[in-house]
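Hi,

Here is the structure I promised to pass on.

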Amino acid sequence: MKKRAVLGVLACAAVAAVASVVPVNNAIAVPVTRASDPVVLTGADLPKFLNGLRPTILGFRWSGSAWQQIPIQVDERAVVSIGKVYNNMTASYYGSTPGLVNAPLYTTGATFTGNDPNAKFDSDDELVFMARDAGVAAPGGSQPAGTVVGSGVKVRITDPLVVGSESFVYLFRKSALAKLKQGAGVSYVNYTFKLLSGSYKLTYKIMNSANLENSKVTTASYKRHFSDRWLSDEISVTAGGATGVDIFDRQKSQFAPGYCARSEDTFDTPIAGPSEGAFVINKNGPVRAIRSYVGANSGPSVQRTHIFYDRREDITTNLRVHAIPSVMDYFDYSPAASGMTYRNSLNAAGVTIDGNPDSVVAGQPTWEQVTGAQGTVTQVGTLSASFATTLTNYYLDDSTPPITQCTGDGYAYGQSGLYITSALPCTDPSQGCADSLTTTRTIYYDAPGGTAATAALYSAGVVYGLQSVGTSWTP
Ligand SMILES: [Ca+2]
Ligand SMILES: [Ca+2]
Ligand SMILES: [Ca+2]
Ligand SMILES: [Ca+2]
């Protein structure tokens with residue numbers, strides 16, 4: 001993991017180097033081919049639709065000979081107090097005050113976060129579609145049936161990694177009588193948030209209780225499962241002939257290996273001191289699903305957000321807690337991952353996940369990958385912190401681990417992930433602290449046969465994100 005600021009500097013330097021060799025007249029454009037990546041625009045990026053109705057924005061591509069509707073999704077956001085997410089909890093345990101922490105959150109009336117105060121498509125709301133749904137430039141002379149004349153916006157998408165690449169999506173306002181739906185009848189992601197106790201607002205126990213779930217994400221490429229707020233306990237890859245077996249034990253949170261006083265289980269349940277927590281949002285498709293929550297013991301404003309696309313998952317963690325001695329966020333696979341290769345950018349040849357210890361070079365890899373007949377899971381990590389950190393990649397493959405496992409099964413299969421070994425200052429704004437730390441994982445779920453080369457390309461793609469610009473368009 002590297003500081004995002006560092007990656008950004010490298011990215012700018014490399015883009016400049018590439019640009020210097022681009023031919024001036026690049027006559028032949030090639031389409032953008034990032035099949036797993038979304039394009040996310042905000043209301044601010046689309047002034048023609050800004051502060052207009054949300055549901056009547058539609059997306060289309062020009063196939064070369066015809067207009068075809070594509071699925072788009074609008075997700076509302078607003079700056080909301082974390083205290084509101086807790087149903088205006090007045091006092092938390094441990095002296096933190098979530099009501100003093102304001103954060104940009106995805107909004108919904110289905111939780112205590114509440115709906116966006118601006119019901120229109122305002123500047124921080126997001127419009128998203130998949131890059132692979134874009135088409136070629138439309139020649140003009142027509143616009144899609146069922147759309148309002150003069151309402152068009154052309155979105156040009158380019159891939160900084162592919163010189164001369166461009167694809168286009170056209171957005172229009174739906175005509176009053178048209179039957180077209182924003183999702184175009186497509187569902188790329190199916191997320192079912194199932195709280196065993198019943199409806200969220202009526203039965204969720206914010207203070208001092210487990211809140212068991214049977215929540216599932218299913219797409220054409222993978223399955224995920226959650227048994228409580230922080231209890232992420234299934235990864236099954238179904239892409240392209242993968243066996244579909246669940247290779248995951250858990251995503252684990254700890255201060256240090258073998259130290260069990262804080263973990264994803266203590267976040268969820270009062271097994272080692274009080275616990276509290278709540279959901280920001282649970283939202284299902286059609287283009288992406290969102291699962292976002294807060295509450296990690298004495299860090300009631302610590303937040304994690306999963307965004308599920310059909311071939312990719314983004315996990316963002318916002319640390320907001322008092323000073324802590326160190327922290328770990330790692331993936332622990334299950335015995336069903338046996339036979340898979342684990343590799344990362346510092347260990348490209350890889351080692352075999354089989355419960356027998358491996359020799360792995362430590363350091364700060366830019367990507368990690370597990371691959372085998374069970375499928376391929378490639379992760380790109382970023383870390384953005386206001387303070388210096390000492391960090392490394394934690395790795396342990398041992399069916400009889402010498403280190404207490406704290407949670408999950410008793411094994412350590414291919415355990416791997418971020419370990420910040422240096423002390424972290426207070427990052428809880430409610431305690432008057434200005435420091436911050438945010439980590440992201442961008443996870444790609446693919447068929448068996450993943451390689452270091454495909455992982456490096458994904459890593460570059462995270463650094464050099466897709467570019468998109470919307471401009472008014474009339475045929
Ligand atoms: Ca908004
Ligand atoms: Ca809005
Ligand atoms: Ca091994
Ligand atoms: Ca385990």
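Below is what turned up, starting with a sheet and ending with the core.

This is a predicted model, where local features need pLDDT of at least 70, side-chain atom pairs count only at pLDDT 80 or more, and totals for chains, interfaces and linings use all residues. Residues are numbered from 1 along each chain as its sequence is written, while chains are lettered from A and ligands numbered from 1 in the order in which they are written.

The open sheet has 9 antiparallel strands, ordered E15-E16-E17-E18-E26-E23-E22-E20-E21 (strands are DSSP runs of E, at least two residues, and helices runs of H or I, at least four, numbered from the N terminus; strands pair if DSSP finds at least two bridges between them). E15 (278-283) and E21 are at the edges with a single partner strand each, so one side of each has no neighbour in the sheet.

E20 (residues 341-344) and E21 (residues 347-352) make a hairpin with 2 residues between them, and 3 bridges join the two. Thr-341 sits opposite Thr-352 in E21. On to E22 (residues 367-372): E20 pairs with E22 over 4 bridges, and Arg-343 has Gln-369 as its bridge partner there.

Now the core. Which residues touch the most other members of the largest nonpolar core? They are Ile-157, Val-169 and Tyr-170, out of 102 residues (a nonpolar core is a set of buried Ala, Val, Leu, Ile, Met, Phe, Trp, Tyr and Cys joined through C-beta atoms within 7 Å; buried means 20 or more other C-beta atoms within 10 Å of a residue's own, with C-beta atoms placed from the backbone).

Cheers

Key
A residue is buried if 20 or more other C-beta atoms lie within 10 Å of its own, exposed if 12 or fewer, and partly exposed in between; C-beta atoms are placed from the backbone.
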